Amino acid sequence: MSGRVDAVTSTETHCPYCALQCGMVVDGDRHNARVRPRAFPASGGGLCQKGWTAAAVLTTPGRLTTPWVRARADAGQEPAGWDDALDFAAGRLAAIRAEHGPGAIGVLGGGGLTNEKVYLLGKLARVALRTPHIDYNGRFCMSAAAAATIRAFGADRGLPFPLTDLASADAVLLVGANVAVTMPPFVQHLRRAVDAGGLVVVDPRRSATTQQAGLHLRPRPGTDLALASGLLHIAVAEGYLDETYVRERTSGFDQAWRIAARWWPERVERVTGVAAADQRLAVRLLAQAANAYVLTARGTEQHSNGTAMVSAWINLALALGLPGTPGSGYGTITGQGNGQGGREHGQKADQLPGYRKVDDPAGRRHVAEVWGIPEPELPGKGRSAYEILDAAGRPGGIRALLVFGTNPVVSAPGAGRITERLAALDLLVVADFVGSETAALADVVLPVTQWAEETGTMTNLEGRVLLRQRAVDPPDGVRGDLDVISGLAVRLGQAPGDYPTDAEAAFAELGRASAGGPADYSGISHQRLRAGESLYWPCPAPGHPGTPRMFLDGFLHPDRRARFAAVDHREPAEVPGARFPLWATTGRLLQHYQTGTQTRRIAELDDAEPEVFVEVHPDTAARFGLADDTLATVTSARGSTSARVRFVPSMRLDTVFLPFHFPGAQRANLITNPALDPTSHIPGFKACAVRLDPVREVAR
């Protein structure tokens, strides 16, 4: 960790929250820090309510400043010194590995970790621990889009163009995103499309974003693929297919069309509820625009067939000739702060640094050489995030788990079951800056630095690599994640120099490991970023300017063509019936982020949204005997959560909505479905069957 900063200073940095990574300045020291926006293209000088209050996280109640150790299963957590805590964790890890093998150890990372942490966490897992079982919480949110874009284009960069390019769009199809709430500064880039009536939003729920749309398509939950196939059908049948583009720049159209040909608009209307006239209008707006984009996000990705759903939207974009065309394109909107970089450099179960596949022989040889180990010693593909959690504490499963920067007790689907599994582990080690719900179960809790207390790189939603600089000193007793990773690695027999604790040195090694891969960072350095260069990957040499716009000269498959996918609609893993007659879907709020670990500790944000609620159409509520502003129990086949009823007349009669930021008995993920997509292993958060029951409560 770098030396102390001046007591009072101003530091240009970036927000601790979403993938916009809005530019901000931190003024003052840790005890009286303030933030203000600064000019940055993605955020346009704006901040949302979370960003404006970000300084409060630095003095948040419940900040961890000393390690805690549970020496026995029947004992409580006790404060410990750093050496004792690391010795205990490493000793138990070594013993479990010796008794059960390396595959008994799992590692979970997060999409908020810096690129340097992501890289060394993957190295810790595969070299020091020798386990294949490392994954990250982005498996729960971005993996379907990542799998679909790699299949289509040969690479996954969420937005393969600068976000500012959207400002020239005449039409934008926005699928499953509520950016007006989740990343408000994003909306300014849609202004031209909004003013032209060309913003088309696909969302079962009326939202702050749909209110700005010229056209709102409201499909039944779980039917996005049918809708996308229907729009492709219209594009072909009504003469909007870009035949030259399809012929010269793609493959697989005929197979995809054989499926879409069966999805005529009236059939799509019966399945999805979206009027055939609105389907035709959506296609016409896109096809007749001079500049058009298709953008997807969590609402269409978090399904048990999420990869196929995203592929269907890509099919539509390809048919219209958008990807790789100047002024148009397809992109997926990354959510977490480093959700892009977090899925590129080795903390995914199927991937090595540089976005290499873990089973690619050439990639394995390259990374093994950088790491100084024989290639056969590199583990192969491991379990995905949910599979790691579900195998915890089981015979032949995961016996020890390291958790960095994520809170699965709140974020995992079927959260009640996962909490039980974590409690059954022989060893749970959690590195966090506050006492999260997952940390409360841990045998070792390691207090680490947070955003403004450390230097490191992030990669935002457009593939731009950013330097988030240390602005304030951390509290006494706190260490950086790189120090923790190095401390564990050395105690497990690794050489200290192989796990640098300096972020700049770690990034330089990351660059070498990524060289030649799809996400090549080898030409990027902290020095270039400090100098203010705007660098998008791939950037394969020190003098290279980076690649703001990908695919203009071809896609990254060997034949340079994009690939249509032959995908068809299927019903979600479960559908409403007599016992559970409603759909439930989940999402985010303006005031909170992820599991609320940061935002629920900020009074201004928590006061605005202090508890979970369930949005219900008043007529639906009447069916279940519910009154507005009363408590209801929302129950699925997996469990129940208690939520305050909010009447929302714009809700579908068959659907309810819950935000997922809240802990304990208010966890929305107590009811969500862990059914996994067969390709990406993303869980089906966005569609599960529930019922509502009134709760008799004591007057407030």
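Both K123 and E509 are buried, where buried means under 20% relative accessible area, exposed over 50%, and partly exposed in between, using a 1.4 Å probe and protein chains only. Their side chains meet in a salt bridge, 2.8 Å from N to O; by that term I mean a side-chain nitrogen of Lys or Arg within 4 Å of a carboxyl oxygen of Asp or Glu. K123 sits in helix α3 (residues 115–128) and E509 in helix α19 (residues 503–514), so this pair ties together parts 386 residues apart in sequence. Helices (H or I, at least four residues) and strands (E, at least two) are DSSP runs, numbered from the N terminus.

A quick word on what we are looking at. This is a predicted model, in which local features need pLDDT of at least 70 and side-chain atom pairs count only at pLDDT 80 or more, while totals for chains, interfaces and linings use all residues. Residues are numbered from 1 along each chain as its sequence is written, and side-chain values use heavy atoms, leaving out hydrogens and water.

How many salt bridges does a search of the whole structure find? The search finds 33. Let me show you two others.

D350 and R139 meet through their side chains at 3.7 Å, N to O. D350 is in the loop between β13 (329–332) and β14 (351–352), and R139 in the loop between β7 (134–136) and α4 (143–153), so parts 211 residues apart are tied together. R139 is buried at 4%, whereas D350 is partly exposed at 28%.

Finally, R491 forms a salt bridge with D83, with the closest N and O atoms 3.1 Å apart. R491 belongs to helix α18 (residues 481–491) and D83 to helix α2 (residues 82–100), 408 residues apart.
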